[in-house]
Amino acid sequence: MSVPAFAQLSSFLIPARRLEKKRGHLPTPWPALNELLGGGWPRGELSEVYGPRSSGRTSVLYASLGEVLKTGAAAALVDAESALDARRAEHAGIPLRQLLWVCASQSQTLKSTELLVSAGGFALVALDLGDSASHLPPTALIRLRQIAQRQGTVVLLAAGFPLAGSFSATAVHLQQKNVDFGRPACPRLRPQLGVDDHALAQILAHPPLVTALASSVSLERGRRSAEQAAGCSLVFQEPLRERARDEGT
Amino acid sequence: MRVACAHAPQIALQSVLRGLVDPHEHAAPIALAAGPGGRALLLAVTRTARLAGACLGMTVTQARAIVPSLRVMQARQADVDAAQAALQDLGLSFAPRIEAESGRVFFQVGDLGSLYPNEQAMSQAIQARATQLGLAVRVAIASSKGLARVGTRAGAIVILPGTAGAAKAKLEGLPITVLDLDEETHQTLQHWGIKTVGDLASLPRPEVTLRLGAKGAHFHRLANGMDAEPFLPQPPADAIEEGTAVDYPIESWEPLSFLLRGLLDRTLQRLACRSLACAGLTLRLELDPRGFDLREIALPSPTREASILLQLVHLDLERHPLDTGVVGMTVLIRPARIRSTQLDLYRPNGPAPERLATTIARLSALVGPEHVGAPRVVDSWKEELMAIEPPMVEPAPRPATRGKPLADNLGQQVTLAIRRFRPPRDVEVLIGPTGPAALRGKETTARILVAAGPYRMSGEWWAGGGFCREYWDVHASDGALYRIHQDRETSRWYLDGYYD
């Protein structure tokens with residue numbers, strides 16, 4: 001092909017980057033994470049957030065669901081371990097009445113997700129696999145990704161390990177960084193160590209339990225420009241405990 | 001006014017034929033008997049049986065002597081009622097108001113002209129819809145009910161013009177029997193030498209009235225293409241019922257599902273005629289040798305897919321299996337309307353309500369209806385309790401604010417989630433001098449690095465299910481942050497979940 005002909009042809013081509021921009025992203029509640037992901041979870045793609053226990057992956061999942069639902073879009077949660085805590089989900093900004101919650105066994109999760117994504121109209125379908133899932137069949141993942149691309153739905157997987165592999169457009173790895181217990185922890189406050197009755201009553205009224213968790217995020221897969229940071233930090237706060245304390249004091 | 005009449009001749013026989021699952025069986029010679037045994041009289045025969053030599057009025061033994069392969073069946077009243085109800089649904093699929101009588105349904109079709117090019121096409125559409133419902137009907141369209149009824153006796157599709165003169169011209173060549181005369185009037189007219197409708201129409205009405213009374217005047221008016229019988233619409237039935245019976249007990253799912261599928265297909269076709277969907281299902285299984293089993297199949301949202309209903313019934317039968325075989329079944333479907341919704345310009349497009357309802361029904365069939373829905377916080381002091389309620393199929397109300405990130409809107413951090421173990425897992429806790437020191441259970445075995453607590457909680461003693469617990473948040477050596485509690489009454493420890 002001659003150079004002028006190629007130049008003429010290239011004028012009709014659309015750069016892949018522009019196509020991606022047209023499809024857009026679903027933002028997360030954290031500006032830092034949005035920046036890391038290039039705007040949020042990419043629409044029409046399979047994304048994955050993983051990390052060990054208490055790394056904050058479930059908090060990211062619920063916050064993303066809350067963020068989508070509050071715009072009036074539809075979202076669903078496929079819960080492989082029935083691990084949802086309704087009170088906290090409500091505090092995470094999820095309007096519970098609008099959330100479609102499916103408690104499926106491990107063998108039914110992918111099929112359930114596929115049904116939901118195929119229905120069309122869901123902005124986000126979150127798949128909470130917990131810790132027990134160790135393997136996902138590649139054929140099911142390919143099919144799921146194709147349906148998600150067709151429907152423009154974000155499929156967000158949360159698991160203990162990276163399960164989607166190269167089938168996911170974005171993979172975010174979380175690691176626990178710091179735990180804040182708010183008040184001095186047990187060893188200094190036990191009555192055996194000589195705390196008087198009044199102090200003990202106060203401690204029991206305002207118990208020193210977990211108040212916040214900080215996690216570090218690293219982007220393992222996904223588009224990242226050279227000037228973008230490789231990671232960021234997220235902080236998750238315990239709202240119920242804080243409110244109880246405010247009421248108590 | 002234009003009135004259509006759909007007439008299902010020999011509806012008792014048709015009700016039996018509807019129940020035959022295998023379409024090849026329809027081609028066999030079949031007769032309907034008045035009762036069991038060889039001396040029972042034949043009430044109706046199929047065309048194949050008639051051509052083979054069986055005819056009405058014969059006993060079963062006589063008919064079998066002529067047609068050895070004759071299959072003799074008996075109609076149950078429930079089957080006939082279901083066929084009659086299906087005929088009504090046929091009318092409801094074309095008009096909101098219908099009037100039914102035995103084997104016939106009347107409905108107004110004057111405003112359907114914009115949907116069909118002519119009344120012939122309309123009649124063909126009515127016949128096609130009836131075929132979907134398992135019925136063969138004759139259709140007549142006329143300016144009144146009585147004329148439409150006469151038309152159904154005249155042929156498979158009869159269109160009688162609106163004016164009396166034109167209708168009379170169309171009827172005059174037909175035999176007098178199309179007027180459904182009573183025996184006495186028929187004999188009198190035969191005695192007079194009246195053979196066609198035109199002959200009757202040509203007689204002077206005062207003379208006919210004088211000799212035959214009011215009945216004679218009515219038949220004379222019909223013969224002249226005039227009728228004043230009023231159209232009296234009736235409300236449709238609330239529920240849709242279909243049933244079937246088998247000669248031998250069924251003890252496995254496969255043949256049962258085969259029969260059930262036929263029943264569900266028929267009921268859902270009837271629902272579709274009324275633009276409705278199935279909101280719930282009651283299945284009555286007749287057991288061998290006696291008794292019945294009643295099952296309520298709940299649906300999270302209305303659906304019209306037979307495979308989903310079949311799967312839900314299968315799940316229910318797996319959970320509560322039957323002890324004996326099944327010799328009959330009846331399906332009662334509660335209809336519901338699938339609401340259409342208006343799209344909102346200022347909100348993201350959600351799933352279409354009908355599509356979402358179907359998806360929810362499929363999910364229910366896959367994971368069980370009790371595992372699909374919207375989570376709900378339960379008004380209880382036990383923090384792990386929650387409930388699930390039917391999902392919202394319609395779009396949510398428009399949000400008050402457009403989406404900014406939560407952190408920006410509220411100026412605070414995002415909520416820390418907790419993953420619950422349901423039910424809380426039993427765990428052994430080693431207590432040290434400063435509180436919990438180690439955990440051992442199915443979920444984890446680890447040393448405790450930091451233990452924060454206790455957070456005492458008690459309540460619901462007033463409701464009979466009182467509890468008293470001490471909660472601890474523990475940072476274990478496996479890196480996880482667990483929530484544990486000790487039941488103060490039993491001193492047992494439980495793992496509630498972990499922060500994540």
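## A guided conversation

Visitor: How many salt bridges does the rule find across the interface of chain B and chain A?
Guide: This is a predicted model, in which local features need pLDDT of at least 70 and side-chain atom pairs count only at pLDDT 80 or more, while totals for chains, interfaces and linings use all residues. Residues are numbered from 1 along each chain as its sequence is written, chains are lettered from A and ligands numbered from 1 in the order in which they are written, and side-chain values use heavy atoms, with hydrogens and water left out. A salt bridge here is a side-chain nitrogen of Lys or Arg within 4 Å of a carboxyl oxygen of Asp or Glu. By that rule, the number found across the interface of chain B and chain A is 6.

Visitor: Which residue of chain B forms a salt bridge with D128(A)?
Guide: In this pair the closest N and O atoms are 2.6 Å apart. The partner of D128(A) is R419(B).

Visitor: Which helix gives the largest share of the side of chain B that touches chain A?
Guide: Helices (H or I, at least four residues) and strands (E, at least two) are DSSP runs, numbered from the N terminus. The largest share of that side of chain B is 8 residues, and these come from residues 353–367, which form helix α13 of chain B.

Visitor: How much area do chain B and chain A bury between them?
Guide: Contact means heavy atoms within 4.5 Å, and the contact takes 77 residues from chain B and 74 residues from chain A. Buried area is the accessible area (1.4 Å probe) that two parts lose on being put together, summed over both. Of the area buried between these chains, 59% is on carbon and sulfur atoms, and the total is about 6,300 Å².

Visitor: Which strand of chain B pairs with strand β5 of chain A?
Guide: Two strands pair if DSSP finds at least two bridges between them, and here W101(A) has G373(B) as its bridge partner. The pairing is antiparallel over 2 bridges, joining β5 (residues 100–103) of chain A to residues 372–377 of chain B, which are strand β13.

Visitor: Is Q14(B) buried or exposed?
Guide: Q14(B) lies in helix α1 (residues 11–18) of chain B, and, not counting residues up to four places away in sequence, Q14(B) touches A8(B), P9(B), G134(B), L135(B) and A136(B). Buried means under 20% relative accessible area, exposed over 50%, and partly exposed in between (1.4 Å probe, protein chains only). Because its relative accessible area is 9%, Q14(B) is buried.

Visitor: What is the relative accessible area of S54(A)?
Guide: Most residues other than glycine have a negative phi, and most peptide bonds are trans. S54(A), although not a glycine, has a positive phi of about 60°, and S54(A) is found in the loop between β3 (46–50) and α4 (57–69) of chain A. S54(A) is buried, with a relative accessible area of 0%.

Visitor: Where is P423(B), whose peptide bond from R422(B) is cis?
Guide: The peptide bond from R422(B) to P423(B) is cis, with omega near -5°. Another cis bond runs from D288(B) to P289(B), with omega near 5°, and P289(B) is placed in the loop between β10 (277–287) and β11 (292–303) of chain B. P423(B), by its own placing, belongs to residues 418–432 of chain B, which are strand β16.
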